[in-house]
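Here is a short report on one protein model and the ligand shown with it. Take a look at the structure, then read on.

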Amino acid sequence: VPAVKRFGPYLLDPVNQTLNGPAGRIELSPKTFGVLQHLVGNRGRLLRHEELLAAVWPNTFVQPEILKTHIRMLRKALGDDAGAPRFIETRARLGYRFIAEVTSDAEAGAGGPAAGVAAATTPGLPGRAAQLARLHAALAATDAGDRRVAFVTGEAGAGKTALLDTFAEEAGATRDLWLGCGRGRARSGAEPLQPLLEILGGWCRSGAGAAVRQMLALHAPSCRGLIATALGPAGPERRRSSAEAPAGTARAVREIADLLEAMAELRPVLLLLDDLHGMDEATLALVSTLARRPGRRRLMIVAAARPDAGADAPQPLRRLMLDLLVHRLAEELPLPPLAAPDIAAWLAAEAGGHAAPEDLAAFLLTHSDGNPMLAGALLDHLVEAAMVQRDPRLGWRLAARPTGADAREARRVQQMLDLEIEELDPAERQVLEAASIAGRSFCTWSVYTMLDLAPAMAEDLCRNLCRRDLLREVGQRNILPDGTASPRFAFVHGLFRDILHQRQAAARRAVWHRCLGERAEANWGPRAHVIAAELAYRFREGGDWERAILYSRHAAREALDSSGVDAALALLELAMEHCRHLPEADRSCTEAALRQEIARLARQGREAGGRAVPRGPDGAPAH
Ligand SMILES: Nc1ncnc2c1ncn2[C@@H]1O[C@H](COP(=O)(O)OP(=O)(O)OP(=O)(O)O)[C@@H](O)[C@H]1O
Ligand SMILES: [Mg+2]
């Protein structure tokens, strides 16, 4: 009989598959437990990714990425810190090592020292039961050959990554799947299809590697080199000459789609793509291709993205989402803010199942508006300031009752996030603030227009910020109507942009947006309709509803040519929605005109038989 293992204050019982800590039983999913058991059983020895995967997932072919999720869960359960580990040490690119002393303790018995205390973390994710259920239902539907695509959307810190991780864990624990997790990169220089190449590379190194390599050779011969490059020693940072990419890319997309479809014959394929907004166009084209190809396949894609209906979201992503959604080829799972019971459940899970004082939950809810990331940051802060204590036996205890006056504390949390901003010199900070209005990516024209700077000066400041790793230069330059070229930059971290954006007063933001809209409108003169979508966004954010409606209508006309009737209709509906902000006198007239336009387009759409979207060769929307 395998002995009970003791390490730190924990007892691992391999017979009953339980882990007990000072506060009693700690619930782990079977796979997470399996990872821990294997680590503990091989204390002191470096366990390579492949070895751990083979031990814990003998029949499921997952990629090494999935280990990260389980290690994170374990660290959370054991209160371990990745930076200064007491239990689990990460060896970059290699694997993990269990570093704590382990003693065998045959006498300790199954219950452990504190058996009987309430169960700790419940599986699942607070407040996300409905979304998880929908994802599981969609996965079940793929058994019958239904291709499924789900977009998980939500603001920064809404819990998109957490939802994907949880779903990956639950799905991987219960089913035999090809499970692949990819992440979009904030940095420039990613190869086309990088996330997919990494997933395929991971599968090649998994237990089923030989079979995958065979199928790869058969269905995606031109991708083998790419995968080797993606996994090469220089890793994802390595760049190829950009001239090489485009010709091969369309073919690579087709081949990878073929390969995934062939793999889906063996077992369902589940791709989890996090931060889709940071992925290259070829990856988006692949999603599009897989969603639209005819033929039943056991294939599911869950992609997380910030919604950003604004003009600054990458155009191809907006197009892909809108297009798949209106054609019912995808569903959207927006993540709402957490409600009071969700926060209570989360706090209980963090404290061995003990309910938290209501004051604490209410305080976190009020000051985070239900954003999980902010709620977490707030809680950390209260703990650090010793206002709140987490007692292993009694759960959360409030040393001092946070009140409305403690809103200051909330602000300090915000300030922690702002710290990096404060360290900048004022000129750079101004540039970043202006840039955050312009968008996640922006051209220097916007910045010098807002700040009234010389163009060269704005460009220099942006380059300085690139050196500080806050911005990065994006390839293409914007050509202004007068022929001058304006370089484009983007925020390396989207969250950083969001904080900068949010920390400016709403009124000030509106003024900036309106200013940018007006200057752009003047600049483009009679050709302003060319940038109608952006102008519609600027004036909407700026509260100039009359112009927001005008440019939404222009944008609808543009969309009709490029993306089809449905996209155009969506824009007109948006314009209709804006009408309620118009003064009473203008309202009915504008509404009537819009209604006519909508009716005409809808008729046109019916006549076209609903196939109004022009398609590229891969079935991707033509750009
Ligand atoms: N439902 C939830 N309950 C409790 N905590 C949560 C929940 N969802 C997310 N969190 C926590 O909130 C933090 C932010 O979540 P996450 O990283 O998933 O957000 P995100 O939407 O992916 O953000 P980003 O847009 O920056 O990628 C994480 O620490 C996560 O563990
Ligand atoms: Mg995320």
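Helix H10 is mostly covered, with 11 of its 12 residues buried. Buried means under 20% relative accessible area, exposed means over 50%, and partly exposed lies in between (1.4 Å probe, protein chains only). Helices (H or I, at least four residues) and strands (E, at least two) are DSSP runs, numbered from the N terminus. This is a predicted model, in which local features need pLDDT of at least 70 and side-chain atom pairs count only at pLDDT 80 or more, while totals for chains, interfaces and linings use all residues. Residues are numbered from 1 along each chain as its sequence is written, chains are lettered from A and ligands numbered from 1 in the order in which they are written, and side-chain values use heavy atoms, with hydrogens and water left out.

**Helix H10**

H10 covers residues 281-292. Its buried residues include Ala282, Leu284, Leu286, Ser288, Leu290 and Arg292.

**Around ligand 1**

Which residues come nearest to ligand 1? Of the 17 residues around the ligand, they are Pro126, Lys160, Thr161, Ala162 and Arg306. A residue belongs here if one of its heavy atoms lies within 4 Å of the ligand. By class, the shell has 9 nonpolar, 3 polar and 5 charged residues. Ala, Val, Leu, Ile, Met, Phe, Trp, Tyr, Cys and Pro count as nonpolar, Asp, Glu, Lys and Arg as charged, and the others, Gly among them, as polar.

| Residue | Protein atom | Distance to a ligand 1 oxygen |
|---|---|---|
| Ala158 | polar backbone atom | 3.2 Å |
| Gly159 | backbone N or O atom | 2.9 Å |
| Arg306 | side-chain N or O atom | 2.8 Å |

The protein covers 76% of the 630 Å² of accessible area that ligand 1 has on its own. Accessible areas come from the Shrake-Rupley method with a 1.4 Å probe; for residues, only the protein chains shown count as cover. Helix H5 (160-174) and helix H14 (372-384) are the elements that give two or more residues to the shell. H5 gives the most, with 3 residues.

**Helix H13**

In helix H13 (residues 358-368), the buried residues are Leu360, Ala361, Phe363, Leu364 and Ser368. They sit on the same side of H13 because they cover an arc of only 160° around the axis. The arc is that of the directions from the helix axis to the C-beta atoms. Glu358 and Thr366 are exposed on the other side of H13.

**Positive phi angles**

Most residues other than glycine have a negative phi. Asp369 follows H13 and has a positive phi, near 55°. Asp275 also has a positive phi near 55° and is not glycine. Asp275 lies in the loop between strand S12 (269-274) and H10. Arg328, again not a glycine, has a positive phi of about 55°. Arg328 is in the loop between helix H11 (315-326) and strand S14 (331-334). At 76% relative accessibility, Arg328 counts as exposed.

**Later in the chain**

Ala559 lies in helix H22 (residues 545-562). Is Ala559 buried or exposed? Ala559 is buried, with a relative accessible area of 8%. Its C-alpha atom is 8.5 Å from that of Leu571, 12 residues apart along the chain.

Leu582 is found in the loop between helix H23 (565-578) and H24. At 9% relative accessibility, Leu582 counts as buried. The C-alpha atoms of Leu582 and Ile549 are separated by 9.8 Å, though 33 residues apart along the chain.

Ala599 is in helix H24 (residues 584-607). Ala599 counts as partly exposed, at 38% relative accessibility.

Definitions and conventions. A polar contact is a pair of N or O atoms within 3.5 Å; within protein, one must be able to donate a hydrogen and the other to accept it, and residues adjacent in sequence count only if both atoms are side-chain atoms. The expected span of a helix is 1.5 Å times one less than its number of residues.
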